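Here is a short report on one protein chain. Keep the sequence and the model open while reading.

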Amino acid sequence: MSREKVTIYDVAEELGISIATVNRALNGKPNVSPETKRLVVDAARQMGYKPSKAAASLSRNPKRIAVLMMSTIMGFVAEVKRGIMKAYNDLKDFGLEVDIIEVVGDENVDAEYIRRLDEIADEGYDGIIMLPGNESAIAQRLKQPGYGGKTVFATVVSDIVGSKCLFSVRNNGCAAGRMAAELLGMMTKNSKKVALVTGRNELFVHSETINGFKAMVDESGLEFVGVYEHYDKPSIAYKLADKLMNDVPDLGGIYFSSANSVTFCKRLIELGKISDIEIVTSDIFPEIEMLMRDGNIGATIFQNPFNQGKLVTRYMFEHLAEGRQFEDRNILLNPEIVLKSNIEFYSKNIEYVKYDMFI
């Protein structure tokens, strides 16, 4: 990514403080200590920061962003939403307005998502951030001449390939897939047969992960038995465990490339199979932490949904307010391996919401 000048965001990052604190210090507002004000002013001068005239006028002409979210795995989506709200709270004093529209999953969820997208595309938002579902249908919408007018589109978590989206913030799926295959190569013992359990193959974020996993399977000494889809529905994941056990009775390992893994693992426990299979999951929830501490899950790959939500909102605002440009439309976050030994460093930073994973 590139931009022509240093912004207030850079000053805040350099000092490790909030944007709101930097704003108060530079504009002589209260609730800032003299020492903090001195540090901010000195850092701004040394970095070459100059106030943006465009940003200064935003209080009179705020930037409106709509976020359209497909609410599937509730804990994961809640973390993305929390990141969005963190960015909003940091930037609201600069004229940012955010509306979050959540589409709840059922049999008509894809059609409902498109209907809501059509609605907000006609409402004159400056930017629309999408956590997409049926990506091919969304791509067809975005290809329509004049769709959304001057609205800028971006995606979070997944991507709409070949669309007019300005940028995409997501986990590096290819790297996550490779990491999972390498982990299973080290973890599996008697059987080297492994399966990948995911949401929907056609979703870009899942296809990236599948490709990364397949690319590392042979090098890790594994035998890949196939991809199993649960369509991000816990109830389907629960039943899918029986199918996989029937298909491959001597399965050695499973990689769950989406956040929907708990109900599948619960069924493996009921079947008495979980101790026979090495498991790598994605992300961290209370139930995953419990399963890891009990030795049922060997590792999980953290995709940092909170940071995905925070960054996509911040970058959209920077583009709208200050014309920030992106040399590469793909903004990828590095996945991180979490083990029982270090899970507390991750779980303590996640604001878990109460929801039922065992559906």
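Glu 208 counts as buried, because its relative accessibility is 12%, under the 20% cut-off. This is a predicted model. Glu 208 forms a salt bridge with Arg 170, and their closest N and O atoms are 3.1 Å apart. The pair links distant parts of the chain: Arg 170 sits in strand β5 and Glu 208 in helix α9, 38 residues apart. Arg 170 is buried too, with a relative accessible area of 2%.

## Helix α9

Helix α9 covers residues 204–217. Its 14 residues should span 20 Å at 1.5 Å a residue, and the end C-alpha atoms are 20 Å apart, which agrees. Besides Glu 208, the buried residues of α9 include Val 205, His 206, Ile 210, Phe 213 and Met 216. The buried residues of α9 pack against strands β5, β6, β7 and β8, and against α8.

## Other salt bridges

The structure holds 25 salt bridges. One of them joins Asp 250 and Lys 193, at 3.1 Å from N to O. Asp 250 lies in the loop between α10 and β8, and Lys 193 in strand β6, so the pair ties together parts that are 57 residues apart in sequence. Asp 250 is partly exposed at 39% relative accessibility. Lys 193 is partly exposed at 23%.

Salt bridges with shared partners also join Glu 13, Arg 314, Glu 318 and Arg 324 into one network. Arg 38 pairs with Asp 42, the closest N and O atoms being 3.2 Å apart. Both lie in helix α3, 4 residues apart, about one turn of the helix. Arg 38 counts as partly exposed, at 42% relative accessibility.

## Nonpolar cores

The largest nonpolar core has 93 residues. Leu 117, Met 130, Phe 167, Leu 244, Ile 254, Phe 264 and Leu 268 have the most contacts inside it. The largest share of this core, 7 residues, comes from α13. A second, separate core of 18 residues includes Met 187, Tyr 255, Val 280 and Ala 299.

Which residues does Phe 264 touch? Among them are Val 197, Ala 237, Leu 240, Leu 244, Ile 254 and Phe 256.

## Helix α13

Helix α13 runs over residues 305–322. It is mostly covered: 15 of its 18 residues are buried. Gly 323 follows α13, with a positive phi near 75°.

## Confidence

The mean pLDDT of the chain is 89, and 92% of its residues reach 70 or more. Over residues 353–359, pLDDT stays under 50. For that stretch the model has 17 contacts beyond four places in sequence.

Note on methods
Residues are numbered from 1 along each chain as its sequence is written. This is a predicted model: local features need pLDDT of at least 70, side-chain atom pairs count only at pLDDT 80 or more; totals for chains, interfaces and linings use all residues. Side-chain values use heavy atoms; hydrogens and water are left out. Helices (H or I, at least four residues) and strands (E, at least two) are DSSP runs, numbered from the N terminus. The expected span of a helix is 1.5 Å times one less than its number of residues. Buried means under 20% relative accessible area, exposed over 50%, partly exposed in between (1.4 Å probe, protein chains only). Contact means heavy atoms within 4.5 Å. pLDDT is the predictor's confidence in each residue, from 0 to 100. A nonpolar core is a set of buried Ala, Val, Leu, Ile, Met, Phe, Trp, Tyr and Cys residues joined through side-chain atoms within 4.5 Å. A salt bridge is a side-chain nitrogen of Lys or Arg within 4 Å of a carboxyl oxygen of Asp or Glu.
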